[in-house]
Amino acid sequence: MAEPRHEFAPHERYDLNAHGRELILDARNVAVTFKVEGGSVEAVRDVSFQLHKGETIAIVGESGSGKSVTARTIMGLLSKRATVAKDSRITFEGKNVLAFNPVQRRKLRGNRFSMIFQEPMSSLNPVYTIGQQIAEMLHIHNRKISRADARARVLELLKEVQIPDPEARIKQYPHQLSGGQRQRVMIAMALANRPDILIADEPTTALDVTVQAQILNLIKDLQKRYGMAVILITHDLTIVRQFSDYVYVMQHGEVKEHNVTETLFQNPRHSYTRHLLASEPKGAANPLPEGTPVILEGRNVRVAYTLKRGGMFKPDYFQLLACDNLSLELRRHETLGIVGESGSGKTTFGQALIRLIQHSTGEIVFDGEPIHDKDRKAMRPLRSRMQIVFQDPFSSLNPRMSIGQIIEEGLIVNDIGSSRQDRLERVRQALRDSGMPDTILSRFPHEFSGGQRQRIAIARAIALEPEFILLDEPTSALDLSVQAQIIDLLRKLQDERGLSYLFISHDLKVVRALCHRVIVMQHGKIVEQGPVSEVLTRPQSEYTARLVRAAFEIAA
């Protein structure tokens with residue numbers, strides 16, 4: 001039996017829950033088609049929604065559902081390959097903005113409508129200072145503003161978004177700021193001209209849980225101060241529940257369900273909505289038998305970098321201690337989580353343990369064999385036994401190589417397989433074990449979704465039949481349902497192949513579902529460690545308690 005596309009028509013929505021707010025944006029029957037090689041793709045189909053002053057609506061769904069295309073249609077930022085249907089309407093102040101000419105659109109963007117993009121590093125110009133980029137937003141819409149007034153306004157905006165030491169930051173470049181600070185700069189640019197509508201497209205995806213909470217609370221505070229309406233585009237349902245008034249659920253370019261936030265969470269009516277809500281990381285790691293042997297051990301591992309600051313003619317060198325005498329034990333068939341904010345030393349510690357980067361001092365033992373003093377040549381026979389899966393599968397897969405070549409390459413380098421046919425069978429088996437069809441050998445990475453690429457990266461790792469895998473943020477950029485699939489896959493592979501995992505993450509929900517024990521790091525030190533159930537329910541340090549609060553009670 002086919003399910004209804006809407007539980008009630010979009011125009012009825014605010015008759016049910018208007019709360020006397022003034023309608024500011026009314027989208028009706030929005031449809032967007034993209035030209036592709038060999039035909040066209042309907043990215044958005046008959047989407048309708050409404051937005052009132054001071055309200056936050058959330059548009060949720062997996063990658064490819066049409067969320068961001070819908071937002072870019074509002075902003076007039078679609079590519080030349082896109083065509084908007086003639087009967088589509090987006091009404092703002094009584095006018096259909098889809099009928100505006102380019103000049104009218106430019107006056108609207110950044111002035112009445114503003115947008116915060118998902119990745120601030122790629123959205124900010126690397127050759128201009130932070131101050132110059134925010135000032136540009138002011139000059140575009142107010143050419144009479146003086147340089148002194150613009151500078152004063154930029155400083156005011158940096159203070160509003162809680163950038164520390166704004167007088168110094170105004171002269172800095174994007175690469176000199178942390179991820180959270182860059183996102184704050186994007187918010188400052190978006191708010192420069194006091195917009196009526198702010199569109200936040202996945203504004204916290206790549207950020208640590210504590211920074212996520214700060215950014216979202218900042219947007220909420222600024223919304224109250226200026227009476228803005230907010231369109232929040234995300235796949236994180238925890239954020240949706242805490243910060244939105246109303247939710248639209250999208251799949252395959254269509255709105256499948258929409259309702260008041262709490263009602264939708266308590267009583268989802270569409271099967272896809274129920275699927276999304278059920279995709280939150282669940283379960284726990286299977287208990288380890290007593291006396292399980294240790295496969296990897298680090299003793300007092302220290303990693304330090306010599307960095308330069310100051311000008312060209314008066315350089316000042318200093319040491320950054322990334323890992324400060326850290327120790328751990330990982331047992332066979334165990335998953336050990338390492339959590340902490342960006343810059344805490346998680347990835348550095350993990351890569352030092354498998355000798356991908358050089359450590360300064362300390363001992364590292366793999367399966368009873370000391371490896372801390374081995375050179376690159378001596379480490380090579382061990383490489384097939386220890387593998388790594390990176391955070392971003394797209395950048396870690398060679399775009400010029402086919403899937404078959406990517407997975408087979410490791411077998412060739414490590415001289416595994418008696419013949420080409422034997423290697424191909426290993427490749428096919430690794431793909432099947434990773435939940436991918438073995439018919440994709442001739443295809444290329446760009447032809448797959450993020451979740452599929454991550455499965456291919458896992459297939460590349462397990463093709464070598466390792467005993468240990470370092471998983472560095474393998475689910476952070478994935479949708480909830482895809483994330484759940486990857487967690488299930490990792491559990492299955494661990495059970496079938498007896499793998500040991502070192503799981504680096506800032507997502508405590510995933511850590512809770514997958515790991516046996518967890519190590520909490522801050523500023524290159526271990527601040528707390530123990531069984532997951534104890535550390536995440538009864539944290540002993542204030543830092544761990546702050547991480548837990550941010551992960552499970554974002555708005556608290």
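Visitor: What makes the approach of the side chain of Thr261 to the backbone oxygen of Asp245 a polar contact?

Guide: A polar atom of the side chain of Thr261 lies 3.2 Å from the backbone oxygen of Asp245. A polar contact is a pair of N or O atoms within 3.5 Å, where, within protein, one atom must be able to donate a hydrogen and the other to accept it, and where residues adjacent in sequence count only if both atoms are side-chain atoms; the 3.2 Å between Thr261 and Asp245 therefore falls within that limit. Please keep in mind that this is a predicted model, in which local features need pLDDT of at least 70 and side-chain atom pairs count only at pLDDT 80 or more, while totals for chains, interfaces and linings use all residues. Residues are numbered from 1 along each chain as its sequence is written, and side-chain values use heavy atoms, with hydrogens and water left out.

Visitor: Why does Thr261 count as buried?

Guide: Thr261, which is found in helix α11 (residues 261–266), has a relative accessibility of 4%. Buried means under 20% relative accessible area, exposed means over 50%, and partly exposed is in between (with a 1.4 Å probe and protein chains only), so at 4% Thr261 is called buried. The name helix rests on a rule as well, for helices (H or I, at least four residues) and strands (E, at least two) are DSSP runs, numbered from the N terminus.

Visitor: Which residues is Thr261 in contact with, leaving aside its neighbours within four places in sequence?

Guide: Contact means heavy atoms within 4.5 Å, and by that rule Thr261 is in contact with Val240, Arg241, Ser244, Asp245, Tyr246 and Val247.

Visitor: How do you know whether Ser279 is buried or exposed?

Guide: Ser279 lies in the loop between α12 (271–277) and β12 (294–309), and its relative accessible area is 5%, so Ser279 is buried. The side chain of Ser279 reaches the backbone oxygen of His275 at 2.7 Å. Apart from neighbours within four places in sequence, Ser279 is in contact with Leu480, Ser481 and Ala484.

Visitor: Why is α16 called roughly parallel to α18?

Guide: Helix α16 (residues 403–413) and helix α18 (residues 450–462) pack at an angle of about 30 degrees, with their axes 8 Å apart. Axes are lines fitted to C-alpha atoms, for helices over the stretch in contact, and angles run from 0 to 180 degrees between N-to-C directions. Angles under 35 degrees count as roughly parallel, over 145 as roughly antiparallel, 65 to 115 as roughly perpendicular and the rest as oblique, so α16 is roughly parallel to α18. The contact is made by Ile403, Ile406 and Ile407 of α16 together with Ile456, Ala459 and Arg460 of α18.

Visitor: What makes α18 and α19 roughly parallel to each other?

Guide: The axes of α18 and helix α19 (residues 480–497) come within 10 Å and cross at roughly 15 degrees, and α18 and α19 are therefore roughly parallel to each other. In this contact, Gly451, Gln454, Arg455, Ile458 and Ile462 in α18 meet Val482, Gln485, Ile486, Leu489, Leu490, Leu493 and Arg497 in α19.

Visitor: How do you know that helix α13 is largely enclosed by the rest of the structure?

Guide: Of the 8 residues of helix α13 (residues 346–353), 7 are buried, so α13 is largely enclosed by the rest of the structure. The buried residues are Lys346, Thr348, Phe349, Gly350, Gln351, Ala352 and Leu353. Just after α13, Arg355 takes a positive phi of about 65 degrees.

Visitor: Why is Pro166 called buried?

Guide: Pro166 is found in helix α7, and its relative accessible area is 13%, so Pro166 is buried. Not counting residues up to four places away in sequence, Pro166 touches Leu155, Leu158 and Lys159. Helix α7 (166–169) is also among the elements that cover the buried residues of α5, as are α6 (147–160) and α8 (179–191).
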